[in-house]
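Here is a short briefing to read alongside the model.

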Number of protein chains: 2
Amino acid sequence: MTSFTIIGTGNMGDAIGGVLAAGGSDVTRIAHAEAGTAPLTGDVVVLAVPYGAVDGIIAAYGDQLAGKTVVDITNPLNFETFDSLVVPAGSSAAAQIQEKLPSSSVLKAFNTTFAGTLASKQVGGLPTTVLIAGDDTAAKDALAAAITAGGVTAIDAGALARAHELEALGFLQLTLAAGEKIAWTGGFAVAR
Amino acid sequence: MTSFTIIGTGNMGDAIGGVLAAGGSDVTRIAHAEAGTAPLTGDVVVLAVPYGAVDGIIAAYGDQLAGKTVVDITNPLNFETFDSLVVPAGSSAAAQIQEKLPSSSVLKAFNTTFAGTLASKQVGGLPTTVLIAGDDTAAKDALAAAITAGGVTAIDAGALARAHELEALGFLQLTLAAGEKIAWTGGFAVAR
């Protein structure tokens, strides 16, 4: 059984924690404000915070993240313009985080599923699907198993380079919801 | 009623032509090999060809595309590596085409829907949805109306800048299908 520490107490942290706990995983929650002081007991650390908060968490925990799987769920939008991402063109938040944590296995996941669809486990009648990108296959498999055990579908979306595409999808989905083209309980479903 | 000329006789041209004709639009088909010799009778020209063939069509028709709506459906993948796009990072095939056709209204559409889901008009039980990006709202509205009349959902996905995200989505979807994570009759459905 995989043990998780989720940093962040927002609705995404709640939804992810709910899925993982439902699947029998050991889940510990840490508030963003406690970063650096609360211990990282999990093998997998989920950064369920906005992209702008990630650097502070990395600084706070330093070497304690080495050897762990780190899950980046962020959509690094410029939330003032809603018209671009704040990461370099062609790159991704996940790639930037992996650069800063060379001894961790960074995975991109949960950025293409709204909290509501993780909680309900369905999108438009189809099973909610978490797309996972990363270079560490064993880490991806462990996360996928924990998600699947919690009643949500997981698909390996490829190498960490595909985080660029996952973040584009997350960006697009946010603009569609903000523009009221889709509901926050809807979005992109995956039909297999 | 909008009149369409579709260049390209592949399965995407067939599927798009089928939807538009079902909606009562006037649809003319031109084979890629006839580009430049067959007349562009439609107000809207759909480039239903691979990205690598677009430049030749633009050269063959030259000024005849001016004043028309040009619909780019391409996914500009590097099909040798299946690991990147052949357009500059942060840009899109559609933006590149718009640069080459400054007197046309370029729209991005149909690159996120497989031919099979346009033909069946459903993805995993949800209505097939064509995402349209472009800077010309009237052109987008006309295309959306023609698609909707044909029994397929259309959503305005924003400015032409969003073609980057649509192409990322199309790229991701192609890698998932090529990797047998999803079927060619499946893919991303849009739940509203």
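Which residues does Leu131(A) touch, not counting residues up to four places away in sequence? Leu131(A) touches Lys108(A), Ala109(A), Phe110(A), Thr112(A), Ile155(A), Ala157(A), Leu166(A), Leu169(A) and Val190(A), along with Leu172(B), Leu176(B) and Phe188(B), where contact means heavy atoms within 4.5 Å.

This is a predicted model, in which local features need pLDDT of at least 70 and side-chain atom pairs count only at pLDDT 80 or more, while totals for chains, interfaces and linings use all residues; side-chain values use heavy atoms, with hydrogens and water left out. Residues are numbered from 1 along each chain as its sequence is written, and chains are lettered from A and ligands numbered from 1 in the order in which they are written.

**How the two chains relate**

- The same surface serves both copies, as 100% of the contact residues of chain B recur in chain A.

**The interface**

- Chain B brings 31 residues to the contact and chain A brings 31 residues.
- About 2600 Å² is buried between the chains, with 66% of it from carbon and sulfur atoms; buried area is the accessible area (1.4 Å probe) that two parts lose on being put together, summed over both.
- In chain B, the residues that lose the most area to chain A are Arg162(B), Leu172(B) and Lys181(B), together 20% of what that side buries.

**The nonpolar core**

- The largest nonpolar core has 32 residues, and Leu131(A), Phe188(A), Leu131(B) and Phe188(B) touch the most other members. Such a core is a set of buried Ala, Val, Leu, Ile, Met, Phe, Trp, Tyr and Cys residues joined through side-chain atoms within 4.5 Å.
- Elements giving two or more residues to this core include β8 (129-134), α6 (163-178) and β10 (187-191) of chain A, and β8 (129-134), α6 and β10 (187-191) of chain B. Helices (H or I, at least four residues) and strands (E, at least two) are DSSP runs, numbered from the N terminus.

**Helix α6 in both chains**

- α6(B) is mostly covered, with 15 of its 16 residues buried. Buried means under 20% relative accessible area, exposed over 50%, and partly exposed in between (1.4 Å probe, protein chains only).
- Just after α6(B), Glu180(B) takes a positive phi of about 60°.
- Glu165(A) is in helix α6 of chain A and counts as buried because its relative accessibility is 4%. Leaving aside neighbours within four places in sequence, Glu165(A) contacts Ala168(B), Phe171(B) and Leu172(B).
- Glu167(A) is also in α6 of chain A, and at 0% relative accessibility Glu167(A) counts as buried.
- Not counting residues up to four places away in sequence, Glu167(A) touches residues including Asp72(A), Thr74(A), Lys108(A) and Asn111(A). Glu167(A) and Asn111(A) are 56 residues apart in sequence, yet 7.0 Å apart in space, C-alpha to C-alpha.

**Helix α3 of chain B**

- Ala95(B) lies in α3 (residues 93-100) of chain B and counts as partly exposed at 25% relative accessibility.
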